[in-house]
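Me: I've got a model open on my screen and I'd like to learn how to read it. Could you walk me through it, feature by feature?

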Amino acid sequence: TGLPTVVTTILSKGTQELAKAHAIMKRLRSVETLGSTSAINSDKTGTLTLNQMTAVSLAIPGRRYEITGSGYATEGSINRVAGQADVALDAFLLPMVLASDAQVKDGALIGDPTEGALIVAAAKAGMGKAELDRTYPRIDEIPFTSETKRMTTLHKMPEGTTAFSKGAPEIILDDCTQILTAEGVRPLDADGRAR
């Protein structure tokens, strides 16, 4: 008959101890879960990761590349690690730079972290954003939205106006009929979409 009183007293004492440690739980189940936890890993954006994204690999049809270096520093390189013979990557990196609004200066980012990682990856291959923006000026832009899940920019190129889009793969692939490979442009079939 004394068990409910003893349990209540122990819980009350435990709650007081937790309150002294500035840790009050609203639900007992939360404490039970915490009590059975052996490790907690967390990261508040910018605390452990320094709020810097880094592109570490690049895949094009038939080839895979590793990108060395970290953060927004342009020191590093792009090296082929698997697949067929090495090819020029300019045609694959150009859209990453032109369809981005971010700016990276002296390792500091102004803009979106994902775009910053793309710009730095291209810079490691010798493609600077400022120079490319001057060479291929942007004519117009359709900004990224959560509904469209993509961003499209129009640029004045030697062969005429060209649109570059970046966004969710399923959205981009739905609009594509061709794919750029190291061997040139070819039709995009169901197998290509799956890959």
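Reply: Arg-63 has 7% relative accessibility, so Arg-63 counts as buried. Keep in mind that this is a predicted model, where local features need pLDDT of at least 70, side-chain atom pairs count only at pLDDT 80 or more, and totals for chains, interfaces and linings use all residues. Residues are numbered from 1 along each chain as its sequence is written, and side-chain values use heavy atoms, with hydrogens and water left out.

Me: Which residue forms a salt bridge with Arg-63?

Reply: The general idea is that side chains of opposite charge can pair when their charged atoms come close. The cut-off is a side-chain nitrogen of Lys or Arg within 4 Å of a carboxyl oxygen of Asp or Glu. Here the partner of Arg-63 is Glu-183, with the closest N and O atoms 3.4 Å apart. Glu-183 sits in the loop between strand 9 (178-181) and strand 10 (184-187) while Arg-63 is in strand 2 (residues 63-67), so the pair ties together parts that are 120 residues apart in sequence. Helices (H or I, at least four residues) and strands (E, at least two) are DSSP runs, numbered from the N terminus. Glu-183 is exposed, at 61% relative accessible area.

Me: How many salt bridges are there in the whole structure?

Reply: A search finds eight. One of them links Glu-141 and Arg-138, at 2.7 Å from N to O. Glu-141 is partly exposed at 29% relative accessibility, and Arg-138 is partly exposed at 30%. Bridges that share partners also join Lys-13, Glu-17 and Lys-20 into one network.

Me: Where do Lys-13 and Glu-17 lie?

Reply: An α-helix has 3.6 residues a turn, so residues three or four places apart point the same way. Lys-13 and Glu-17 are both in helix 1, four residues apart, or about one turn. The closest N and O atoms of their salt bridge are 3.3 Å apart. Lys-13 is partly exposed at 46% relative accessibility, and Glu-17 is partly exposed at 39%.

Me: What about helix 4: which residues there are buried?

Reply: In helix 4 (residues 113-123), the buried ones are Glu-115, Gly-116, Ala-117, Ile-119, Val-120, Ala-121 and Ala-122. Glu-115 counts as buried because its relative accessibility is 8%. Polar contacts are worth a look too: a pair of N or O atoms within 3.5 Å, where within protein one must be able to donate a hydrogen and the other to accept it, and residues adjacent in sequence count only if both atoms are side-chain atoms. The Glu-115 side chain reaches the backbone nitrogen of Asp-101 at 2.8 Å.

Notes: Buried < 20%, exposed > 50% of the residue type's maximum accessible area, 1.4 Å probe, protein only.
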